[in-house]
Amino acid sequence: MTRGGATEGRGAALVDLLDARATASPDRTFLVDEDGRHMSFAELRRESMRVAKRLATAGIGADSLVSWVLPTSIDTLVVTAALSRLGAVQNPIIPVYREREIGHILDETAVDLMIVTPQWRGIDYLTLCSDLAAARGGRLQVLTLEQVVSGVTALPAVGAGVSHDDLAPAQWVFYTSGTAGLPKGVRHTDATLAAAAVGMVDHLAITEDDRSGIAFPIAHIGGPINLMAGLLSGATLILIEQFDPEPTARVLAREGVTMAGSGTAFHIAYLDVQATQPHVPLFPALRCCPGGGAPKPAGLHERLKRELGGCGIVSSWGLTEAPVLTMGRPTDPDAMLSESEGRPLPGVELRVVAPDRRPCVADEPGELRVRAPQVMLGYVDRSLDAEAFDEEDFLRTGDLGVVDAGGYVRITGRLKDVVIRKGENIGT
């Protein structure tokens with residue numbers, strides 16, 4: 001198996017998944033936001049075509065690199081689908097990044113266009129990114145989300161003429177937040193992300209009856225994966241622009257959430273809101289609470305199952321370089337849902353390696369290494385690849401853990417300490 005090469009049936013482009021779903025379920029609601037705005041699969045296809053035409057007229061195409069700093073919103077997903085339709089390489093930037101990190105991204109990659117929300121989460125991204133672009137020669141165009149999706153005026157011409165062959169065949173570039181120095185650019189394809197989405201749909205048994213809460217930054221690698229999972233399954237995505245426990249819980253309740261993710265901080269917040277109405281279920285249709293990215297406190301799964309309902313927490317494990325490698329299933333025993341991160345997704349080869357480089361036996365701790373269809377192509381800085389992969393092309397994840405006789409994975413630590421800040425892993 002080569003890196004970035006998904007197995008048969010998993011390699012569909014994001015736009016192909018959208019077009020297929022829009023044909024199969026045109027009028028079903030796909031996206032809903034906090035304000036109650038709805039968009040069907042067919043409407044998303046139509047809007048993505050319209051915005052793609054606007055971007056193409058401005059000069060964006062298959063050899064373009066587009067960075068975006070945008071909220072978890074319907075318009076953001078319209079732009080994402082439009083860029084996919086054009087074949088552009090997308091670089092979503094997580095909102096915790098500021099001048100230092102964004103400047104590094106612009107220095108390492110010849111970005112053609114940045115799309116931002118002018119004022120968001122107390123940060124003036126339009127000024128920040130415009131100043132960074134001007135300091136680097138001014139070729140980079142910075143546009144607002146409203147400019148891009150609006151049909152009122154034509155878009156200004158976008159800088160062109162810079163080759164992005166160094167990124168090929170990547171369709172996505174994500175920057176990690178898990179190292180002590182500057183973030184590292186990670187090259188992915190639609191196929192690598194789709195492999196994770198297919199596995200997630202399988203493990204969570206997602207159907208068109210599901211309504212999934214997306215309360216984390218859509219620029220995280222989990223954003224496009226959840227988008228693909230919704231297109232594969234026909235489920236509805238409930239988009240939360242900025243997580244705020246009480247209002248967010250009320251939106252999810254209003255929209256009949258069946259899967260309330262996506263990590264420990266979210267789950268504790270929902271429990272706190274449920275405690276304000278102990279005799280009235282907050283999420284009556286709840287089926288499961290997907291989790292990941294942070295340790296589960298002892299007893300949290302049991303408490304969540306008892307107080308919120310459903311099967312409790314269904315955890316996953318992965319990293320930007322290889323997302324959603326393992327995941328539980330709602331049918332797993334409670335002990336495994338409580339203590340483990342589930343079992344490997346289809347196609348994932350997982351090894352546990354001792355410090356002396358020998359393979360570990362069941363329940364023996366070591367470094368987790370993986371070879372899988374969702375593993376990245378490599379880093380933007382190719383010099384980092386040699387250290388990232390071993391001699392058999394297994395990714396060195398840097399995570400420490402054990403795998404039991406049943407295949408369940410438990411994470412026990414990390415080769416380097418990681419601090420979790422606002423849902424993002426920050427290396428120390």
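Helices, of at least four residues, and strands, of at least two, are DSSP runs numbered from the N terminus. The model described here is predicted. In it, Ser 64 belongs to the loop that runs between helix H2 (41–58) and strand S3 (65–69). The relative accessible area of Ser 64 is 6%. Because buried means under 20%, Ser 64 is buried.

The side chain of Ser 64 has a polar atom 2.9 Å from the backbone nitrogen of Gly 61. When neighbours within four places in sequence are set aside, the residues in contact with Ser 64 are Gly 59, Ala 88, Val 89, Asp 112 and His 164.

## Helix H1 against helix H8

Helix H1 covers residues 14–24 and helix H8 covers residues 222–233. Their axes are 9 Å apart, and the two helices pack at an angle of about 30°. The crossing of H1 with H8 is left-handed. On the H1 side, the contact is formed by Leu 14, Leu 17, Leu 18 and Arg 21. On the H8 side, it is formed by Leu 227, Met 228, Leu 231, Leu 232 and Ser 233. Sorted by class, the contact of H1 with H8 contains seven nonpolar residues, one polar residue and one charged residue.

Is Leu 17 buried or exposed? With a relative accessibility of 12%, Leu 17 counts as buried. Apart from neighbours within four places in sequence, Leu 17 is in contact with Ala 12, Met 228, Leu 231 and Leu 232. Leu 17 and Pro 290 are 273 residues apart in sequence, and their C-alpha atoms are 23 Å apart in space.

## Helix H1 against helix H3

Helix H3 consists of residues 74–86. It packs with H1 at an angle of about 110°, and the two axes are 8 Å apart. H1 is therefore roughly perpendicular to H3, since angles of 65 to 115 degrees count as roughly perpendicular. The crossing of H1 and H3 is left-handed. H1 contributes Leu 14, Val 15, Leu 18 and Asp 19 to the contact, while H3 contributes Thr 80, Ala 81, Ser 84 and Arg 85. By class, the contact of H1 with H3 comprises four nonpolar, two polar and two charged residues.

## Helix H2 against helix H3

H2 and H3 pack at an angle of about 65°, and their axes lie 8 Å apart. The crossing in which H2 passes H3 is right-handed. From H2, the residues that meet H3 are Leu 44, Arg 45, Glu 47, Ser 48, Met 49, Val 51, Ala 52, Leu 55 and Ala 56. Their partners in H3 are Leu 77, Val 78, Ala 81, Ala 82, Leu 83, Arg 85 and Leu 86. The contact of H2 with H3 has 12 nonpolar residues, one polar residue and three charged residues.

Which residues does Ala 81 touch, not counting residues up to four places away in sequence? They are Leu 14, Leu 18 and Ser 48. The relative accessibility of Ala 81 is 2%, so Ala 81 counts as buried. Ala 81 and Pro 284 are 203 residues apart along the chain, and 32 Å separates their C-alpha atoms.

## Backbone features in the loops

Most residues other than glycine have a negative phi, and most peptide bonds are trans. Several sites in the model depart from this pattern. The peptide bond from Ala 168 to Pro 169 is cis, with omega near -5°. Pro 169 is placed in the loop between helix H6 (145–149) and strand S9 (172–175). Gly 261 and Ser 262 are also joined by a cis peptide bond, with omega about 5°. Ser 262 is part of the loop between strand S13 (259–260) and helix H10 (264–275).

Arg 121 is not a glycine, yet its phi is positive, at about 55°. Arg 121 lies in the loop between strand S6 (119–120) and strand S7 (123–124), and it counts as partly exposed at 33% relative accessibility. Arg 357 likewise has a positive phi, near 75°. Arg 357 is located in the loop between strand S18 (349–353) and strand S19 (366–371). With a relative accessible area of 60%, Arg 357 is exposed.

Notes:
Residues numbered from 1 in each chain as written. Predicted model: local features only at pLDDT ≥ 70, side-chain atom pairs only at ≥ 80, totals over all residues. Heavy atoms only, no water. Buried < 20%, exposed > 50% of the residue type's maximum accessible area, 1.4 Å probe, protein only. Polar contact = N/O pair within 3.5 Å; in protein donor to acceptor, adjacent residues only side chain to side chain. Contact = heavy atoms within 4.5 Å. Axes fitted to C-alpha atoms, helices over the stretch in contact; angles between N-to-C directions. Left-handed = near helix turned anticlockwise from the far one by under 90°. Nonpolar A, V, L, I, M, F, W, Y, C, P; charged D, E, K, R; others polar. Parallel < 35°, antiparallel > 145°, perpendicular 65-115°, else oblique.
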